[in-house]
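Here are my notes on the model, in the order I'd read them. Have the structure open beside you as you go.

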Amino acid sequence: GPKGSSGPKLFCVSGAVNRPGCFEAAMDITCEELVMGDRFGRWMAGGVPVKAVFPGGISMGVLAANELKMKMDFDDPRNYGLLGLGTAAAVVVNAETDIRRVLLNVTRFYAHESCGQCTQCREGTSWMYKIASRIAMGAGRMEDLDLLEEVAGNMGMMPGLSICGLPDGATFPIRGIVKKFRGELEEHIRAQEPGRAEGVLAMLN
Ligand code: SF4
């Protein structure tokens, strides 16, 4: 592998590929090789194009389809706005998947996992889950995307607010989805029935 990332490593790939599994390789492979390579994931299942890859498990953040040249080493992930290499267990999402469902699953997971000791983690993860739920049900507002970024930017050990790193792991994928797939999220919100977001909010309040 490259300097600073020497030695073999176990890489996993799961999701929308032909051959999910765990593979040993040198640390000079790219994310694209892990997903598409004959020795690894063997291309996308059904030939459906890739939409996104969470290359280090969801906590590390997300790559868009045009970022798969990222090296699966300890340094390159930071060049793509990721927290790090993480578990090197890539989760692959295909182009037929609604990004709102991905956002919903990610936020639901962290809201469930928060143990509740730290206020910003307990409240922030469940707040983001509620916002993502509204967006997924076709009742999102454009300002919800900024709100998600704002909430995610005020949680975790990095700003010195929490006991453990769970909220940092929560915010990288959420901020990544909003940043890298904002156009798709905005398209969904624009296509909603007018007044639906306000109606759902009034009902919830
Ligand atoms: S930051 Fe860690 S300790 Fe604090 S509430 Fe979240 S999961 Fe619990």
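1. How many residue pairs are in polar contact across the interface of domain 1 and domain 2? The rule finds five, with both residues at pLDDT 80 or more. A polar contact here is a pair of N or O atoms within 3.5 Å; within protein, one must be able to donate a hydrogen and the other to accept it, and residues adjacent in sequence count only if both atoms are side-chain atoms.

2. Before going on, a word on the ground rules. This is a predicted model, where local features need pLDDT of at least 70 and side-chain atom pairs count only at pLDDT 80 or more, while totals for chains, interfaces and linings use all residues. Numbering runs from 1 along each chain as its sequence is written, and side-chain values use heavy atoms, with hydrogens and water left out.

3. Domain 1 covers 8-94 and domain 2 covers 99-204; these bounds come from an automatic or database domain assignment. Their centres, taken over C-alpha atoms, are 24 Å apart. Domain 1 puts 16 residues into the contact and domain 2 puts in 15, contact meaning heavy atoms within 4.5 Å.

4. About 1,100 Å² is buried between domain 1 and domain 2, with carbon and sulfur atoms giving 72% of that. Buried area is the accessible area (1.4 Å probe) that two parts lose on being put together, summed over both. On the domain 1 side, K51, I58 and L83 supply 42% of what that domain buries against domain 2, more than any other three residues.

5. Now for the charges. The whole structure has 12 salt bridges, and two of them lie between domain 1 and domain 2. The cut-off is a side-chain nitrogen of Lys or Arg within 4 Å of a carboxyl oxygen of Asp or Glu. E67 pairs with K180, the closest N and O atoms being 3.0 Å apart. K69 and E32 also form one, at 2.4 Å from N to O.

6. Lastly, the ligand. Residues around the ligand (a heavy atom within 4 Å) include C115, C118, C121 and C164. The shell has seven nonpolar, four polar and no charged residues, where Cys counts as nonpolar and Gly as polar.
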